[in-house]
Amino acid sequence: MCRFSVALSLLVMLFSPFSAMAVTHVCSVERAQHLIIGVPPNSAPLSFLNDSHDGLLGLAVDLSVKMAETLGKNIVFVQSNARKLEQKLQRGEIDAVVGLMPVNLKNDFSDVLVTPLALNRAIIVMGQEHQFSMERELAGHRVILQRGDTYIPKMLDMGCTIVQADSITNALNRLQAGEADAYIASSVEMAFHIVQSKAYRNVRVMGGSLERIPMVMMVGRHSGLLESMTSALVKLEESGEVERLRAKWLGRSLYVPSLWEQYRYHLLGGVALLACVFLASIAWIYALKRQVRKVSRRLIRSERKYRDLIEESPDIILLLDADGHISLSNRAARNVLRIAESGYSAMLMDALCRETEGCLERFVELIPPQGALRREITLAGGTEEELILEVNLFMADLEASPYAICLIGRDMTERRRLDKQVMEMERLAVLGKLAAGVAHEINNPIGIVMANAELALEDCPEDSPIAPLLRAIHRNGERAVNTTKRLMHIALPGSVQHERQNLADVARDALLFLKPRLRAVKVDESLLPASLPMRGNRTLLEQLVLNLLINALDSMDENENCRALVLEGRCADGRVTLDVSDCGRGIGEADRKKIFEPFFSTKGSKGFGLGLYISSHIVKVHEGELEVYSAPGAGATMSLSFRAVTGEYGRGGGPCFEKRAAGGRRPRGRGASSPAS
């Protein structure tokens with residue numbers, strides 16, 4: 001038709017100067033009615049020649065025909081290889097190209113239209129020698145990839161040896177020849193058609209799809225058809241035509257049927273028959289055992305009920321066999337006696353009987369026939385892990401043993417500790433009543449001493465050396481009055497008036513009070529800073545520091561070679577610390593755990609055991625800490641620590657929130673090794 005138009009135009013050229021323009025217009029009108037698509041004839045199943053080689057088939061061909069029908073145009077296919085088709089598209093001789101894989105399709109003369117159809121990348125092997133289900137299993141193997149495939153760098157990084165092929169056919173031929181262990185096909189669907197056409201045997205696809213590669217169309221920009229072809233593709237997808245084409249061309253598999261795939265239904269039928277015979281054979285067994293199972297359930301429930309009753313009991317329950325071994329224990333016994341760790345269980349048997357042989361026989365003689373034998377035993381006595389048990393022993397009738405003893409015990413450790421505390425509180429109450437009775441008699445002479453001291457101070461000049469001594473007598477008289485008041489209730493009051501204090505001043509005043517006793521003692525207060533600011537009650541703090549100093553002096557009375565006292569103060573991390581160190585006889589490990597208990601004293605008849613007890617209560621009232629660092633023969637250090645406050649107090653004053661130097665608190669208990677000693 002276009003040739004006829006050209007001939008007609010040549011005739012018109014003889015008569016008109018505008019004949020060339022007419023020919024161009026006629027051809028452009030003719031082409032506007034056609035959709036010219038370029039396809040490669042050897043890209044099955046996208047585009048390939050039929051058996052007679054006179055027509056095109058394939059997924060891309062059918063999709064192009066459907067799109068042309070949607071656009072209302074006649075379709076014309078141009079067959080050539082990929083390179084020539086791109087050149088034709090660049091010159092504008094064709095409108096679009098289909099049937100190409102999306103590799104290096106970017107250029108400046110066409111646009112890429114991505115279709116909803118996709119091809120699958122997969123691993124193909126030959127025979128049964130190699131089994132690969134994923135990419136990382138190919139590491140160290142020879143792998144075939146098409147030249148220019150984007151998977152080549154990835155497989156090289158995994159340590160594969162790459163064999164490059166020019167086409168899918170060339171890759172399958174090399175795989176058939178054994179040049180590689182596997183072939184990663186960029187389109188398993190294209191490989192399927194080649195395998196079918198060449199009748200390859202033992203070709204298998206391993207694993208699932210590694211990647212889905214969409215089928216694309218290259219649309220020439222000069223044609224202006226990108227928008228209309230996109231719209232046509234959307235309509236085909238909405239109508240379900242794209243899904244029908246996918247089922248038509250991509251619905252087949254590359255797997256070659258194996259013996260299992262061919263005869264699996266026969267094998268499954270035989271297995272099902274054997275399973276029916278097996279089920280029938282066990283049905284009558286189940287029927288016979290059903291009644292036995294019902295009886296067993298009743299027995300299990302009954303046993304579980306009594307087991308739970310024993311297991312959840314808060315008392316210790318043990319069953320001892322004829323050899324003295326524990327054959328049964330409940331949870332309370334395992335937790336308290338720590339049987340799994342061999343904790344108290346060995347101590348328990350030793351406490352019940354000192355000799356292993358014949359132990360239970362003697363208990364059998366002691367246990368009454370119709371009653372129980374009650375005993376209270378102590379395990380690990382005198383240690384921090386002391387355990388007091390109240391046990392009841394009675395005979396258990398067991399068929400498997402000639403006799404056995406059942407032991408039911410109760411942990412009485414906490415009960416005895418509470419009883420001890422009650423006794424101590426009663427003793428404190430008696431002491432309080434005694435203090436209330438003598439307080440009046442003590443206050444009277446103290447009042448006379450204070451009155452005379454005041455009169456003497458009035459007549460004494462300020463510059464007299466006796467004036468400081470008289471003031472010290474008056475202050476200590478006041479402290480004695482306050483002390484007698486506190487003795488009336490040993491348990492310190494819950495609310496104490498706290499004011500801003502300087503713990504360093506309190507320590508210096510305490511040294512002044514004890515000046516007569518310090519004449520033969522070397523005192524080092526050079527480590528005591530000017531200010532240790534805190535909040536507290538002045539009278540209680542004076543009594544606290546005096547108690548610590550008096551204890552330190554008492555501990556050095558028996559040591560003539562070393563009589564030194566060191567006072568050290570620190571301000572760090574928001575706390576004030578006062579250490580009182582001596583070089584006395586020190587405190588043993590056992591005594592160090594009891595020195596804060598009431599009425600405990602290492603001084604024998606010289607002490608009542610209340611000084612450190614009251615001191616610990618004073619520290620608790622001030623929300624502080626009192627720690628002891630000592631070793632026998634190496635002196636002792638009493639360390640007081642309270643929360644610091646900012647501001648200026650007493651002599652010097654100043655803030656107390658500097659950070660402590662690296663290394664933390666240094667060891668105490670310096671004693672004879674201190675600089676003052």
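# Close-up views of a predicted model

**View 1. A negative surface patch draws mostly on one helix.** The largest share of the negative patch, three residues, comes from helix α14, which spans residues 413-459. In this predicted model, the patch is formed by Glu-454, Glu-458, Asp-459 and Glu-478. Glu-454 is one of the residues that lie in helix α14, and it counts as partly exposed because its relative accessibility is 40%.

View 2. The side chains of Arg-334 and Glu-311 meet in a salt bridge, with 2.2 Å from N to O. Arg-334 lies in helix α11 (residues 331-337) and Glu-311 in helix α10, so the pair ties together parts that are 23 residues apart in sequence. Arg-334 is partly exposed at 35% relative accessibility, whereas Glu-311, at 17%, counts as buried. In the second pair, Glu-312 forms a salt bridge with Arg-331, and the closest N and O atoms are 2.8 Å apart. This pair also links distant parts of the chain, since Glu-312 sits in the loop between α10 and β12 (316-320) while Arg-331 sits in helix α11, 19 residues apart. Glu-312 is exposed, with a relative accessible area of 53%, and Arg-331 is partly exposed at 36%.

**View 3. Strand β11 pairs with β6 and with β7.** Strand β11 (residues 203-220) pairs in the antiparallel sense with strand β6 (residues 96-98) over three bridges, and within this pairing Val-97 has Met-218 of β11 as its bridge partner. Strand β7 (residues 110-126) also runs antiparallel to β11, and 13 bridges join the two strands; here the bridge partner of Ile-124 is Val-205 in β11. Strands of a sheet pair through backbone hydrogen bonds, either parallel or antiparallel.

**View 4. Three strands form an open sheet.** The strands follow the order β2-β3-β4, with antiparallel pairing. The edge strands are β2 (42-43) and β4 (56-57), each of which pairs on one side only. Strand β3 (residues 47-49) and β4 are joined by two bridges, and the bridge partner of Phe-48 in β4 is Leu-57.

**View 5. Two loop residues have a positive phi.** Most residues other than glycine have a negative phi. Asp-573, although not a glycine, has a positive phi of about 55°; this residue lies in the loop between β20 (564-572) and β21 (575-582) and is partly exposed, with a relative accessible area of 40%. Glu-623 likewise has a positive phi, near 55°, and its place is in the loop between α19 and β22 (625-630). At 53% relative accessibility, Glu-623 counts as exposed, while in helix α19 (residues 611-621) Leu-612, Tyr-613, Ile-614, Ser-615, Ser-616, Ile-618 and Val-619 are buried.

Technical notes:
Residues numbered from 1 in each chain as written. Predicted model: local features only at pLDDT ≥ 70, side-chain atom pairs only at ≥ 80, totals over all residues. Heavy atoms only, no water. Buried < 20%, exposed > 50% of the residue type's maximum accessible area, 1.4 Å probe, protein only. Helix = DSSP H or I, 4+ residues; strand = E, 2+ residues; numbered from the N terminus. Pairing = 2+ DSSP bridges. Patch = residues over 30% accessible without salt bridge, like charges linked within 9 Å, V, L, I, M, F, W, Y side chains within 5 Å. Areas by Shrake-Rupley, 256 points an atom, 1.4 Å probe, with all protein chains shown as cover. Salt bridge = Lys/Arg side-chain N within 4 Å of Asp/Glu carboxyl O. Lys, Arg positive; Asp, Glu negative; His and termini not counted. Charge placed at Lys NZ, Arg CZ, Asp CG, Glu CD.
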